[in-house]
Amino acid sequence: MFSYRHAFHAGNHADVLKHFIQVQLHKYMNQKDTAYTYIDTHAGAGVYALDSAQAVKSGEYIDGIARLWDRDDLPPALADYVGLVRTLNPSGKLRLYPGSPWVADAEARLEDRLRLFELHPADIKLLAENVRKLEAHHAEQGERARGRRILVERADGFHGLKALLPPPSRRALVLIDPPYEVKLDYKHVRDALEEALKRFPAGMYAVWYPVLQRMESRQFADRLKRLPAKEWLHVTLSVAGPRADGNGLHSSGMLILNPPYTLEATLRETMPYLVQVLGQDAGATFRIEKGTQVTGAVAREGV
Ligand code: SAM
């Protein structure tokens, strides 16, 4: 059950897609004064050492964050994201990679709340330790939140999400990022979103998923688009065309329910650059689509 360790994949092209978008979602949420709750249903370890045995073995970050690290022509959204990774690596050498909890801590304000769920016995320990370090750092800076700003729970994130909605401030940003090693994860995400939308229709929900040949993956985004959210925005990044051996992950997607109205333009500006810099062969491409419940209209575009 616990075979998945994100340390093997930290900083790969899929993390780049997920985390640069996460940064933009926080920046949008930060535009209003009212505090919000960030809920990370599958938080992972929080921070990853790129010189760990796992990261070195897979080397995935080399074709992800490392390709952006020394660029001086980054579009603004990627400059925000790489800038955030730089704050974790003040020496200038890329050694540590931030997971979604670290991204959230860096972007959310002192009054916002972070609720993090993780089940893996080793990763929950690492996460708790990384959160302790973050809290110590905030305390050193004299930044003291009222009440517990970050809560880490060893619990099933799908259940945890349900229990937290609606949030006290009526504002929430939710990241759902399971391993999808078991087919049931696809169903669990859909069911969790259906329930979440009933409890809190106004929430912003971001789902990452792997684009794979398996049927569950191919039908997944279409199923999520039919959920009763006012709007959705869907983006996929493929760093290579389909390979005959079917090995490796070359393509992933983010589907956001109730997205910021600014995000589509940001994606249009950013995705062609990502394809150019992260692309591994001529099959590299992106796709952006959006739809609304109100009109039922769907705009499809991409390259
Ligand atoms: N969101 C993290 C990030 O972007 O840095 C990466 C998360 S990783 C893809 C998925 C994590 O979910 C793994 O650490 C795994 O142990 C954990 N996990 C698996 N099933 C879970 C569940 N039902 N509830 C909470 N965590 C779970």
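Leaving aside neighbours within four places in sequence, which residues is D177 in contact with? The views below take this up, after the whole chain. This is a predicted model, in which local features need pLDDT of at least 70, side-chain atom pairs count only at pLDDT 80 or more, and totals for chains, interfaces and linings use all residues. Residues are numbered from 1 along each chain as its sequence is written.

View 1. Helices (H or I, at least four residues) and strands (E, at least two) are DSSP runs, numbered from the N terminus. The C-alpha atoms fill a box of roughly 50 × 45 × 40 Å, taken along the principal axes. Buried residues (20 or more other C-beta atoms within 10 Å of their own, with C-beta atoms placed from the backbone) make up 43% of the 303 residues.

**View 2. D177 sits in the loop between β6 and α8.** UniProt lists D177 under "active site" in an unreviewed entry; such annotations may be inferred rather than shown by experiment. D177 is buried, with 24 other C-beta atoms within 10 Å. Beyond its neighbours within four places in sequence, D177 is in contact (C-beta atoms, placed from the backbone, within 7 Å) with K18, H42, S100 and W208.

**View 3. Helix α7 spans residues 157-164.** Its buried residues are G157, F158, G160, L161 and L164. Seen down the axis of α7, they fall within an arc of 160° (directions from the helix axis to the C-beta atoms), so they line one face of the helix. Their cover includes β1 (37-40), β4 (113-117), β5 (150-153), β6 (172-176) and α8 (184-199).

Definitions and conventions:
Buried ≥ 20, exposed ≤ 12 C-beta atoms within 10 Å, placed from the backbone. Contact = placed C-beta atoms within 7 Å.
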